[in-house]
Amino acid sequence: MTWNKGLSPEERERRSKAWKQYAERLSDKKIPEGGDFYDTGRWSYLRNRTLIKYGQKCQKCGFGGDSFNPLQVDHIKPRSTHPELQWEISNLQVLCKSCNKEKSNKNESDWRRW
Ligand SMILES: [Zn+2]
């Protein structure tokens, strides 16, 4: 009987490993839970709508954005504390990078409530 001719045990082993690696690569493509929110199509759609709604300029300083200080769409109430508002356009604002940075610095030091 020559039913398995051409497929040595080594070759079968190699093919099964290659298949496993292939399957692992495929499963890597699954979107990790919340890991890449900003890569989702839904976010880029919402981001564009926000820029159209509020205009292509920083709502704090009026800057139009450039490659050194690009415009960013910011969550007014952060996703970490208000995940239910992450898709709400009313919770979004357009800020330039430097105003956005200023805002988060301020928020970090703004613990005076207690
Ligand atoms: Zn600004």
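I'll start with helix α2. Of its 14 residues, the number buried is 0, so α2 lies largely in the open. Keep in mind that this is a predicted model.

The length of α2 checks out. The helix covers residues 41-54, and at 1.5 Å a residue its 14 residues should span 20 Å. The end C-alpha atoms are 20 Å apart, which agrees. After α2 comes Gly55, with a positive phi near 90°.

Now the strands. β1 and β2 pair in the antiparallel sense, over 5 bridges. β2 has 5 residues, and 4 of them are buried, so this strand is largely enclosed by the rest of the structure.

Which residues make up the largest nonpolar core? There are 8 in all: Cys58, Leu71, Val73, Leu92, Val94, Leu95, Cys96 and Cys99. The elements giving two or more residues to this core are β1, residues 71-75, and β2, residues 92-96. β2 gives the most, with 4 residues. As general background, nonpolar side chains in soluble globular proteins tend to be buried together.

Take one core member, Leu71, as an example. Its bridge partner in β2 is Cys96. Setting aside residues up to four places away in sequence, Leu71 touches Gln56, Cys58, Gly65, Val94 and Cys96. Among these, Cys58, Val94 and Cys96 also belong to the core.

Notes:
Residues are numbered from 1 along each chain as its sequence is written. This is a predicted model: local features need pLDDT of at least 70, side-chain atom pairs count only at pLDDT 80 or more; totals for chains, interfaces and linings use all residues. A nonpolar core is a set of buried Ala, Val, Leu, Ile, Met, Phe, Trp, Tyr and Cys residues joined through C-beta atoms within 7 Å. A residue is buried if 20 or more other C-beta atoms lie within 10 Å of its own, exposed if 12 or fewer, and partly exposed in between; C-beta atoms are placed from the backbone. Two residues are in contact if their C-beta atoms, placed from the backbone, lie within 7 Å. The expected span of a helix is 1.5 Å times one less than its number of residues. Two strands pair if DSSP finds at least two bridges between them.
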